[in-house]
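My notes follow in the order in which I took them.

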Amino acid sequence: MVSSSKEIKDELFSRKLRKYGNERGAVIPLLQAAQEIYSYVPKEVISMISEATKIPQSSIYGVVTFYKQFRLKPVGKHIIKVCQGTACHVNGANEIMKAVEEHLNVKEDENTDDGLFTLQSVACLGCCSLSPAVMIDDETYGKLTPDSIRGILDSYRKNEGEKK
Amino acid sequence: MKTVLVGMATCGISAGAEKVWNHLLKLVEEKNLWSEVKLEKTGCIGMCYKEPLVEVRHDDGSKTIYGEVDVEKAAKIFELDVLKGKTVEDLVVYDYGKKGEADLFSKQKRIVLRNCGIINPEDIDDYIDKGGYTALEKALFDYTPEQVIEEVTISGLRGRGGGGFPTGKKWMFTKMSPGEKKYVICNADEGDPGAFMDRSVLESDPHSVLEGMLICAYAVGAQEGYIYVRAEYPRAIERLKKAISDATERGYLGNNILKSSFNFSLKIKEGAGAFVCGEETALIASIEGKRGMPRVRPPFPAVSGLWGKPTNINNVETFANIPWIITNGALKFASMGTEKSKGTKVFALAGKIERSGLIEVPMGLTINEIIYDIAGGIKNGKKLKAVQMGGPSGGCIPAELCDTPIDYEEIVKTGAIMGSGGMIVMDEETCMVDVAKFFLSFTQKESCGKCTFCRIGTKRMLEILTRITEGRGEEEDIPKLYELAEKIKSASLCGLGQTAPNPVLTTLKYFLDEYKAHIYDKKCPAKVCPALVKYVIDPDKCIGCTICAKKCPVGAISGAPKKVHVIDSEKCISCGKCMEVCPKDAVYKE
């Protein structure tokens with residue numbers, strides 16, 4: 001099961017590589033595609049991109065480590081981005097961060113033990129009027145309190161439990 | 001036919017607009033009212049603080065906006081207003097001038113936001129119905145490229161990304177640069193914490209940005225363009241993709257646009273999370289697939305930009321102004337504003353104000369007018385302390401200077417900058433040293449590391465600020481901050497470094513007493529910095545419910561059930577948990 005899903009992912013990425021590999025400036029979109037497929041950037045992908053684009057692996061690592069978006073390690077199923085923008089900061093983003101850390105027993109840039117969540121901070125989600133805000137996957141939650149974010153996290157856990 | 005619109009920008013959706021939309025959809029379906037009721041999604045009208053918003057429009061032209069709508073309220077609005085034409089008075093937030101939040105709009109002038117919250121951003125016909133793409137037609141067939149540039153120059157439009165460089169002049173430089181191949185780039189890498197106007201425009205009216213770019217491309221002689229958008233804005237990217245494909249289908253993008261000889265194609269590049277990529281040379285490096293580091297200018301992108309070709313870069317808001325200027329004439333635009341700052345400016349209002357959201361005002365209005373007349377003043381009757389403008393490159397304008405008009409030069413005089421238009425309002429409960437530390441930690445994290453002073457200097461400044469907020473400040477800290485600030489400003493290559501010390505400098509200038517209180521008295525007057533705050537239980541209010549003692553992570557609270565509890569300040573780590581959980585508000589900070 002695991003291997004076949006890996007094969008599907010590899011095939012998906014190979015297609016992207018064939019499609020964009022020759023385009024100028026394709027490195028970042030390819031890395032983004034890889035991350036979307038694998039949820040992180042595996043080492044093999046970097047050598048594949050390097051081969052296709054003729055750009056040395058060292059330069060690609062340079063790009064991967066420069067941008068905050070890219071990860072070299074697998075992530076949890078849901079990515080929690082706690083907004084650290086100015087409005088969120090003055091309205092209590094620190095308390096929200098603390099609540100998430102305590103509730104899930106996880107630190108920034110770490111995964112929870114059950115592999116369900118990865119905790120990150122983000123500079124600004126642009127939802128300042130709803131501050132403090134948190135984005136889980138592509139969903140934004142605003143006007144949070146430590147209590148409400150705990151509730152939201154619990155609902156994700158509950159959903160996962162039901163799926164099982 | 002009645003139209004029901006639901007605000008579906010990020011702010012609306014995160015407040016629960018999707019549930020409201022689904023419920024309305026169900027109601028229309030159940031009763032099979034498709035011939036009577038038209039459901040539409042729309043963008044953000046700016047009243048983000050009242051989201052989710054639902055607007056009902058009747059045939060006679062009457063329309064009402066309802067706010068803070070949930071499923072239950074949506075059902076009520078549907079039952080009464082949509083079906084019976086009876087306004088649900090207690091849910092109205094705005095009914096176009098008659099009552100409700102009339103002040104919010106009376107001092108605004110909407111050019112950039114002209115269609116936001118009014119049209120369906122995913123429907124090109126809605127944009128066309130509002131006069132969309134007629135400016136492109138006018139530019140292509142009535143004007144030469146030179147005449148377009150002249151119009152933009154006369155309008156007095158300046159770069160809305162924060163730099164404030166005259167747009168017409170920038171276009172002229174690109175036009176005059178030799179070379180067949182040229183590019184137009186839209187900078188939608190809105191990275192300033194506290195600014196969200198670009199996101200809102202892209203989500204609510206993407207075609208206006210495309211049209212502005214098309215007119216620019218025609219004027220400067222470009223055939224290809226890029227929109228560089230932050231990856232943190234998935235909804236904006238989605239809507240832009242749809243807008244580009246619809247515009248291509250209709251012949252507004254591609255080859256022989258509107259059967260003319262003008263060709264222009266457009267691609268989206270997603271940013272990968274680096275604040276410095278908002279700087280134009282770094283942004284270009286990023287599109288080229290490299291680390292987004294700025295380079296020395298000149299040559300400016302107008303001469304040598306993307307792949308070494310002449311490139312014109314403008315920000316989202318700048319482009320969104322262009323179709324209006326071409327349609328209504330440069331003079332009409334120039335008639336608004338101050339002598340050197342023409343037209344309008346969009347601001348993202350947030351922080352401790354009653355009405356946070358997006359507004360657009362004519363230049364020349366004062367900051368106080370924005371805070372009190374439009375934003376409804378400070379929340380919970382507190383006092384205004386300062387307004388932060390310009391994000392990490394800007395500064396804090398103290399309350400006593402808030403009569404400053406919105407004008408590029410006037411704002412610079414205070415030590416802040418216009419910036420992209422984030423306006424964070426701070427009340428007396430905001431610690432200015434903490435705010436300075438916040439911005440410094442932001443720039444320190446986002447420094448690309450190319451220039452030593454930006455890389456290490458900001459780190460040292462941050463260490464000093466951290467020390468001060470932790471009660472370990474020293475006498476020579478303030479002179480050290482000044483010295484570092486000066487060196488970082490003069491020895492950095494790009495705007496990120498050159499302006500990084502500004503938030504520290506303005507807070508030092510206007511709130512020196514607060515720094516001194518931290519350093520000498522080991523006190524945080526705003527009671528924000530955890531190390532300098534003591535949590536105390538008011539014995540008159542405490543009912544001995546034991547919740548605080550149970551929740552305290554370090555066991556610092558003692559007391560028997562139904563007896564007054566006490567916090568041991570030696571053990572307390574100032575996490576604030578007790579204050580958060582106390583049902584009687586008996587815990588306070590000292």
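I began with terms: the expected span of a helix is 1.5 Å times one less than its number of residues, and helices (H or I, at least four residues) and strands (E, at least two) are DSSP runs, numbered from the N terminus. The model is predicted, so local features need pLDDT of at least 70 and side-chain atom pairs count only at pLDDT 80 or more, while totals for chains, interfaces and linings use all residues. Residues are numbered from 1 along each chain as its sequence is written, chains are lettered from A and ligands numbered from 1 in the order in which they are written, and side-chain values use heavy atoms, with hydrogens and water left out.

Entry one, the helix. I checked α11 of chain B, residues 234-249, whose 16 residues should span 22 Å at 1.5 Å a residue, and its end C-alpha atoms are 23 Å apart, which agrees. I then listed its buried residues (under 20% relative accessible area, with exposed over 50% and partly exposed in between, for a 1.4 Å probe and protein chains only), and among them are Arg235(B), Ile237(B), Leu240(B) and Asp246(B). The buried residues of α11(B) pack against several elements of chain B, including α10 (206-220) and β7 (224-229), where contact means heavy atoms within 4.5 Å. After α11(B) comes Gly251(B), with a positive phi near 85°.

Entry two, the sheet. I found five strands of chain B in an open sheet of mixed pairing, ordered β11-β10-β14-β12-β13; two strands pair if DSSP finds at least two bridges between them. Because β11 (357-362) and β13 (395-398) of chain B stand at the edges with a single partner strand each, one side of each has no neighbour in the sheet. Strand β10 (344-351) of chain B runs antiparallel to β11(B), joined by six bridges, and Thr344(B) has Pro362(B) as its bridge partner in β11(B).
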